[in-house]
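I opened the file to look up helix packing and a few single residues. My entries follow.

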Amino acid sequence: MTHLPFEGLRVVEFTHMVMGPTCGMVLADLGAEVIKVEPPAGDNTRRLLGAGAGFYPLFNRNKKSLVLDLQTPDGKEAVLKLIATADVVSENFKPETMKKLGLDYQSLKTLNPRLIHVSHKGFLPGPYDHRTALDEVVQMMGGLAYMTGRPGDPLRAGSSVNDIMGGLFGAIGVMAALSAREKTGVGGEVQSALFENNIFLVAQHMMQFAVTGKPAAPMPERISPWGIYDVFRVKDGEQIFLAVVSDTQWAIFCQAMALTDFEADERLHTNNGRVRARDWLVPQLRARLAEHSAAELAALFERHGLPFAPITQPHELLDDPHLLATGGLAPITLPDGLRAGQTAQTVLLPLALDGERLGVRHSPPQLGEHSAELLAELGYSGDEAARLSQIVTKAA
């Protein structure tokens with residue numbers, strides 16, 4: 001895009017892991033200059049293994065890296081000079097940590113009254129705010145793990161859903177505060193929290209209880225609102241998800257599959273009738289569908305406009321024809337680890353502005369990659385900048 005919406009906006013972030021970096025990534029993708037302040041040893045997220053190996057390269061694109069030791073007077077002085085030039089400060093550390101450093105909202109608003117301060121925490125202020133939260137912690141205590149797993153077997157969702165959504169809500173709050181600042185000329189404080197985000201995710205099940213008086217059952221045991229809404233094991237042991245969610249779709253499905261007996265059965269003419277018949281209907285369908293391959297069923301459902309889905313592993317999506325054709329993936333250079341310097345595909349924000357995706361302007365930064373230029377802008381000489389931004393190597 002020729003002009004991105006947040007060009008000219010400066011964000012200084014003190015974040016790690018997923019929640020805070022997600023907020024900064026959204027603002028950066030939309031054009032903001034996002035400066036990630038890292039300690040001399042770097043953000044620990046750079047060194048995570050296993051399921052955390054993708055955190056840093058995914059959530060820190062389009063950002064700059066500035067290394068400062070905030071435990072030293074000189075490092076603290078430099079970061080305050082930087083914040084004086086900023087529109088937004090974003091952080092996801094413990095409140096006492098930020099207050100001790102003088103980087104909490106109450107301290108910073110006297111330095112820069114137009115500043116918007118966004119905090120990403122485990123809990124909004126209240127009885128739980130002293131607890132240490134993680135995505136999995138709030139999934140367990142907030143009902144999501146109960147709803148995802150089978151009865152007696154709570155299971156976390158297969159993604160950092162609260163961290164990512166919490167960062168999104170932090171970004172939404174920043175956008176609202178920016179709009180308010182245009183009217184008042186004064187900044188403000190935004191708070192986003194994992195627990196409250198999780199409660200928003202399970203609110204539909206809370207409301208179900210309010211409406212029906214019955215507790216929601218875990219998703220594997222729920223009473224489906226649709227007659228056909230299942231994963232089917234078909235020919236050669238393959239699996240495919242198939243859905244028939246309206247009476248019109250039922251008629252099309254029966255005709256496409258030549259299920260004349262089902263089409264004629266009055267018990268199955270309505271969706272609610274099919275829901276009541278699931279105990280005997282679904283097993284019979286499983287037997288009939290098992291004669292077909294997943295590819296055959298996918299082609300048939302696509303041809304007739306019926307909902308279906310292959311069972312896909314995440315890494316397979318790197319070759320997904322729709323993502324490739326629509327520009328949903330973009331190349332980055334990996335900044336850390338065994339594959340540092342190599343190219344990988346990253347996933348862009350799931351939106352388009354004026355028909356264009358928000359792309360990668362800068363790969364995730366190497367540690368301290370922009371320290372010299374940012375400190376020079378603040379008036380530091382080359383020698384002073386080098387002294388302030390010394391990197392300490394830490395074993396992976």
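**Entry 1: helix α10**

I started with helix α10 (residues 247–256), where Gln-249, Trp-250, Phe-253 and Cys-254 are buried. Buried means under 20% relative accessible area, exposed over 50%, and partly exposed in between, with a 1.4 Å probe and protein chains only. Why do these residues sit on the same side of α10? They cover an arc of only 135° around the axis, which puts them on the same side. I note that the arc is that of the directions from the helix axis to the C-beta atoms. On the other side of α10, I found Thr-248 and Gln-255 exposed.

I keep two notes on the model. It is predicted, so local features need pLDDT of at least 70 and side-chain atom pairs count only at pLDDT 80 or more, while totals for chains, interfaces and linings use all residues. Residues are numbered from 1 along each chain as its sequence is written, and side-chain values use heavy atoms, with hydrogens and water left out.

Helices (H or I, at least four residues) and strands (E, at least two) are DSSP runs, numbered from the N terminus. Next I asked what the buried residues of α10 pack against. The partners are β7 (228–233), β8 (239–244), α11 (260–264), α12 (271–276), α13 (278–289) and α14 (294–303). Contact here means heavy atoms within 4.5 Å. After α10 comes Ala-258, with a positive phi near 60°.

**Entry 2**

Two packed helices are described by the angle between their axes and the distance between the axes. Axes are lines fitted to C-alpha atoms, for helices over the stretch in contact, and angles run from 0 to 180 degrees between N-to-C directions.

I took α1 (residues 19–29) with α8 (residues 161–184): they pack at about 50°, axes 7 Å apart. That makes α1 oblique to α8. Angles under 35 degrees count as roughly parallel, over 145 as roughly antiparallel, 65 to 115 as roughly perpendicular, and the rest as oblique. From α1, the contact uses Met-19, Thr-22, Cys-23, Val-26 and Leu-27. The α8 residues include Gly-166, Gly-167 and Gly-170. By class, I logged nine nonpolar, four polar and one charged residues. Ala, Val, Leu, Ile, Met, Phe, Trp, Tyr, Cys and Pro count as nonpolar, Asp, Glu, Lys and Arg as charged, and the others, Gly among them, as polar.

Then I checked α8 against α9 (residues 194–212). Their axes come within 9 Å and cross at roughly 100°. That makes α8 roughly perpendicular to α9. Among the contact residues are Met-165 and Phe-169 of α8 and Phe-200 and Leu-201 of α9. This contact divides into six nonpolar, four polar and one charged.

**Entry 3: single residues**

His-362 is in the loop between β13 (356–357) and α16 (371–377). At 42% relative accessibility, His-362 is partly exposed. Beyond residues up to four places away in sequence, His-362 touches Arg-61 and Asn-62.

I followed that to Asn-62, in the loop between α2 (55–59) and β3 (63–67). Buried or exposed? Asn-62 is buried, at 2% relative accessibility. Its phi is positive, about 60°, although Asn-62 is not a glycine.

Asp-354 also has a positive phi, near 50°. Asp-354 lies in the loop between β12 (352–353) and β13, and is exposed at 78%.

Last, Arg-288 in helix α13 is partly exposed at 26%. Leaving aside neighbours within four places in sequence, Arg-288 contacts Leu-259, Asp-261 and Phe-262.
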